[in-house]
Amino acid sequence: MSRVLGRRFVRADGLPKVTGQARYAADLVLPGMLHAAFLHAGVPRARIRRLDVSAARALPGVLAVLTQDDVPFVRFGAAVEDRTLFAHEVVRFEGEILAAVAALTPELADRACRLIEVELEALPPVLDPEAALAPGAPLVHEDWQDYSANDGIVRDGNDCGFVNIVKGDIEAGFAAADEIVEGRYVADMSHPVPIEPHAVLAQWEGDRVTVWSTTQTPFPARNGLTRTLELPESAVRVVVPHLGGGFGGKCEFHFEAHVAALARAARRPVRLVFDRRQEFTATDMARHGIIATFRTGVRRDGTIVAHEASLILDTGAYATHGPVITEIATMMAAGPYRHPNMLVEGRTVYSNRTPAGSTRAPSGPQVCWALEQHVDAIAERLGLDKLEFRLRNIVAEGDEGPTGQRFEKIGARESLLEAARLIGWGRPLPPGDGMGLAVGWWFSAPGPAGCYIKLNADGSATVVTGAQENGSGSVMGLALLAAEELGLAPERISLVYQDTDAGAFDSGSSGSQTTFNVGRAVLAASAQIRDRLLRMAADELEANPLDLELVEGVVRAKDAPGRSVVIAALARRAQDDGELITGQGNPPAPKMPDSLGGSCAGRVAFPAFAAPAFFAHAARVRVDRETGVVRVLEVAAGHEFGRVLNPIGVEGQVEGGIVHGLGIALSEGTVFRDGNQANPHLLDYKLQTAADVPAMKIAFVDAPAADGGPYGSKGVGEPPVVPTAAAVANAIAAATGVRVRHLPMTPVRVWAALAGEDA
Amino acid sequence: MAVAVGRTYHAPASLDEAIALLAELGNDAGVVAGGTDLVVAARGGRRQLPTALVAIHRLSELATIEGSPFGGLALGALVTHADLERSDLVRRRWTALADAAALVGSPATRHVGTLGGNLCNASPAMESGAPLLVYDASVELRSASGTRGLPLADFLLGPARTALAPGELLTGVTVPPQPAGRVGSAYLRLDYRASMEIAVVGAAVLVALDADGRCTEARIALTAVAPTVVRAADAETALRGQLPTTERVAAAAARAAAAARPIDDVRATARYRTAMVPVIVRRAIEAALKRAEEEAA
């Protein structure tokens, strides 16, 4: 770990992106291409009485109009198979697709949509997730018992995923407590809001279709397409041009099948490009709205002895990843604290809202925001400093996680101390300012990954993977790993990625998994090439391969750097002699940590957190007490990612996570009126702007994981977005003396809290 | 509906040509300058484009900022927010207008969006309206049958409603000389984030001070709390003729709420808006007073 890793490398796709050379899905044009438009339901819950597309089909220039009647009746879904491509009999959210049109121009396609005759019988929408859990409540899915679901998912009516963690003896814990603190916190739904909206272009050649899509997960997208249109995987190629951000919103399968079906029916290439309203209302990966309640027993010395939490996640009209996210949420509701006795329950509740799913660190920021405010409230009750209270309970090596996993060397405590040090915890502040702390943890997601590397005859190399570059730079970073192993300059490594025909299966840019899993495959593939080069060089140099190293484009003797042979010469000679030097890696995924397993219900994907990253953020805010407007002046971040491989990339992820987290904290929330989004546009769904970005200080704690990614690294993409909102909330409370228990903490809500109201 | 069937586009080269076109096209005509409201609303499906688009960007005679000999100000309709934000004259003497121009949308919007467009769009949340109200500005409306002037307060009738008649073009804004004494003006907006905001509550204030520091004139206007930008007469009366002590300023600001008739919407509750009016007005009065006091030095 010396020549390449740990140094600051600028990613290879940076220049084309900032100079406008990079091409995105919506930029692509094919000869004869048609334009797609969707007719959305526009109402949150209804029964379809009539759907007549004949007038739309008759409009000149319209080449295809499709409804559910025109595609196979196949239910699909990542966790619960609860949906169809088009609305079938009922409408469950406003963005539900009733019909799709392909026409010569976008205007004609829109006009055809308006010619479709629809009769909807409006039904009262299910919008209150607590009421939806009551016996006899109207069911969002009346046929829920007929749906298939992944093994282990516990469902009951509107709850499509019940999860719990049971540890120790909760009643005995409360009996031993000196103080019991309770709290309830509510978070609104928010959105991933990538700058690039969803776009899909499909073209058939014979029985094969190529789909260019804005997906973060090309293989799951292909899987959805093959399943819903009943095609073999070999008949579908999914390619992602450059992706303009995803933040989880482009995970899984979306509109690839609709567009492929249109292109097949129209016998022409068809392109779909979403507008911003569709991006808000008709996608299905919003960040869950939650209701979190806590009850925690502590001893006077600050020891937590009992921790009870109940989480309700509003997953909207369809489950998507909801049940799995609720499982993650229960782990987040425990937090990185020692809990001898714990009972956490999570419910994944259907409603007639836009479906929620895997937005960056799904459930993480909301649950951390709720838990860490609760933790501050406990410290206040005990009269303990908030840093001190956390230090007394935070997990360290040898401690047991919520589901019984045993922690190895971790940097939870050190990250907290770093954040506190960088913000100057405890220093005097001007009136109106306040400081807050929050800690958290997040997993790395072990999974299958493969890599193929070709050594070119000029000594450059090409790395081929199925990985997806969502903008985080993790695929770009794969070149650094290969360069380190092969002794080549990173600029000599090219990458082929996000094309299902080229690379091996990959679960995509989700779960902070790319470096963690694909990185190990790159190391394995590089090792094969490296071994071959070492043997060839050993012959030539008459040396033992163990005494040689690959450095700066040559293979050389470790003790006599002058004795060397150029890698390009070896590659050229091999090719001339009829041998191609390639490597292939598909190492097994790291095992999940041992956990309680059987005593917890509904645990399907994350019985424990593999190679968990630990972190803490600290924020300093200034609150305008008259208006409730909060300005965040400073955020300090301490992060343990196992080992940092490319500091410039990781700092970028942390800075981006902080800014994303500030939006979640202060301004990003979906407002619903009677089940329709009232702010599906960027004027009133307020992202943070460059002018809002505070001073940021970042420190990394080194604690390589034994069962981690390359060189002991852990997933980086999601953790940084988790604790910022919580730190800001605690800073607001410190500045004002009141807690804001509704996320986002808008000026109206802060002002109402200051006035003693719950807004 | 939004299909471009039978739609025409005109780009007159002179004001006379534009006026003649508007007379000819009548109710079908819609004027486009920067397009930051018209085009965005059409793209978003909120409003259709007019059947006949009359683009006035070539009428360079409407892009001028001029001081009048007696201390007034004449602004062409095509003056952009960025022009106002950068003009030395506006920044020095018509500070509230410069404050407001600098707050409009994004830099891109400010460079393309025009004063005339902002007024004709008649949003209650417009930035340029409240400052022009406290300057007692009038709009100049030209048509084939002549030119008329109308006080801005009479021009703005409600959300997206103005007194502009078919065939009329808003060609400019005239502002009379400021009152005697040391004059200061300011525009303040409540912002949820640090840029790219739209008004939830805004206030423009003009004060004139005599040698003793007494308020000889006080004018206050509010943004985004009523169907149009409005003057807050009660608050003005409370300040006029008074020494602007902290208590009097606060009391005057509190009376500004009487002019507010806010609504509940996605940006804020009516209660919040009502509560914010005195806060923002008080801060705007303080800012205007500070500028007036600096005039003396």
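This is a predicted model: local features need pLDDT of at least 70, side-chain atom pairs count only at pLDDT 80 or more; totals for chains, interfaces and linings use all residues.
Which residue of E16(A) is the bridge partner of A:Asn164? The points below start there.

1. In E16(A), A:Glu345 is the bridge partner of A:Asn164.

2. **The four-stranded sheet of chain A.** Here the order is E20-E19-E18-E24, again an open sheet with mixed pairing. Strand E20 (493-496) and strand E24 (582-585) of chain A each have a single partner strand, so one side of each is left without a neighbour in the sheet. From one strand to the next, the twist averages 15°. Strand E18 (residues 451-455) of chain A pairs with E24(A) over four bridges, in the antiparallel sense. One pair to inspect is A:Tyr452 with its bridge partner in E24(A), A:Gln584. Helix H14 (residues 514-541) of chain A packs on this sheet and touches E18, strand E19 (461-465) and E24 of chain A. The direction of H14 makes about 145° with that of E24(A).

3. **Strand E1 of chain A.** Strand E1 (residues 34-40) is mostly covered, with six of its seven residues buried. E1(A) runs parallel to strand E13 (residues 270-273) of chain A, joined by two bridges. A:Leu34 has A:Val270 as its bridge partner in E13(A). Six bridges join E1(A) to strand E5 (residues 97-103) of chain A, and this pairing is antiparallel. There, A:His35 stands opposite A:Ala103 of E5(A).

4. **Domains of chain A.** Chain A is divided into domain 1 (25-123 + 198-273), domain 2 (289-445 + 595-754) and domain 3 (447-585). The C-alpha centres of domain 1 and domain 3 of chain A lie 40 Å apart. Their contact takes 15 residues from domain 1 of chain A and 15 residues from domain 3 of chain A. On the domain 1 side, helix H6 (218-228) and strand E12 (236-239) of chain A each supply at least two residues. H6(A) gives the largest share of that side, four residues.

5. **Chain B and its contact with chain A.** Chain B is divided into domain 1 (8-55), domain 2 (62-175) and domain 3 (182-296). The C-alpha centres of domain 1 and domain 3 of chain B are separated by 35 Å. The contact between the chains takes 23 residues from chain A and 19 residues from chain B. On the chain A side, helix H3 (106-115) and helix H18 (747-754) each supply at least two residues. The largest share of that side, four residues, comes from H3(A). Its make-up is eight nonpolar, seven polar and eight charged residues.

Definitions and conventions: Residues are numbered from 1 along each chain as its sequence is written. Chains are lettered from A and ligands numbered from 1 in the order in which they are written. Domain bounds come from an automatic or database domain assignment. Two residues are in contact if their C-beta atoms, placed from the backbone, lie within 7 Å. A residue is buried if 20 or more other C-beta atoms lie within 10 Å of its own, exposed if 12 or fewer, and partly exposed in between; C-beta atoms are placed from the backbone. Two strands pair if DSSP finds at least two bridges between them. Axes are lines fitted to C-alpha atoms, for helices over the stretch in contact, and angles run from 0 to 180 degrees between N-to-C directions. Ala, Val, Leu, Ile, Met, Phe, Trp, Tyr, Cys and Pro count as nonpolar, Asp, Glu, Lys and Arg as charged, and the others, Gly among them, as polar.
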